[in-house]
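My entries follow the display.

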Amino acid sequence: MSRYIVNLEGKEFIIDISLDGVLSVLGHEGAIDVRHVGGDAYSVLTGNVSTQIIARRAGGKYQVLLKNNQVEVQVETERDRLLKQYATASGSAHHRYEIHAPMPALVVRVEVNVGDEVKGGQGLIVLEAMKMENEIKSHQAGKVKEIYVAKGKAVEKGELLMLLE
């Protein structure tokens with residue numbers, strides 16, 4: 001069984017998914033089938049109801065479009081949550097985190113320099129994909145350790161852009 005902690009606009013839910021595709025939310029069970037349709041589009045089948053959603057990763061969160069409503073969703077595995085709690089409790093751990101390109105794009109501008117202190121939610125890099133600019137933001141405070149891209153560079157999905165600590 002896989003357990004996920006989902007934060008939907010400030011409300012937290014525990015979702016358990018069994019190996020046979022049974023989903024349990026708040027004690028209610030039901031079968032779920034999720035299919036990637038292409039790009040950021042997914043088809044979700046619960047019972048006899050099919051729903052189309054668009055889910056775009058933005059930093060450590062997802063911007064989800066469902067029935068013409070956009071919501072912000074953060075998803076953590078139970079393991080990730082425990083590791084984060086352990087790291088916070090230890091206080092002495094030195095953390096690094098990587099910023100990766102969420103899609104193939106062109107770097108429009110880099111908004112920070114090596115050595116800069118950044119705050120959670122601060123813009124780091126602006127990418128252009130499909131004639132739209134997408135700002136990549138820091139999901140936590142830190143210091144810019146390395147920058148691997150420059151203005152005008154084409155990047156692939158998943159490519160390492162920046163390292164923060």
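I looked up Glu72 and found it partly exposed, at a relative accessible area of 34%; buried means under 20%, exposed over 50%, and partly exposed in between, with a 1.4 Å probe and protein chains only. The model is predicted, with local features needing pLDDT of at least 70, side-chain atom pairs counting only at pLDDT 80 or more, and totals for chains, interfaces and linings using all residues. Residues are numbered from 1 along each chain as its sequence is written, and side-chain values use heavy atoms, without hydrogens and water.

Glu72 forms one with Lys61, the closest N and O atoms being 3.3 Å apart. Glu72 belongs to strand 8 and Lys61 to strand 7, so this pair ties together parts eleven residues apart in sequence. Strands are DSSP runs (E, at least two residues), numbered from the N terminus. Lys61 is partly exposed, at 32%.

I next examined the network of Arg109, Glu111 and Glu133. Arg109 meets Glu111 at 3.2 Å and Glu133 at 4.0 Å. Arg109 lies in strand 10 and Glu133 in strand 13, so their bridge ties together parts 24 residues apart in sequence.

I then traced the open, antiparallel sheet, ordered 13-12-10-15; strands pair if DSSP finds at least two bridges between them. Strands 13 and 15 stand at the edges, each with a single partner strand, so one side of each lacks a neighbour in the sheet. Six bridges join strand 12 to strand 13.

Terms used. Helix = DSSP H or I, 4+ residues; strand = E, 2+ residues; numbered from the N terminus. Salt bridge = Lys/Arg side-chain N within 4 Å of Asp/Glu carboxyl O.
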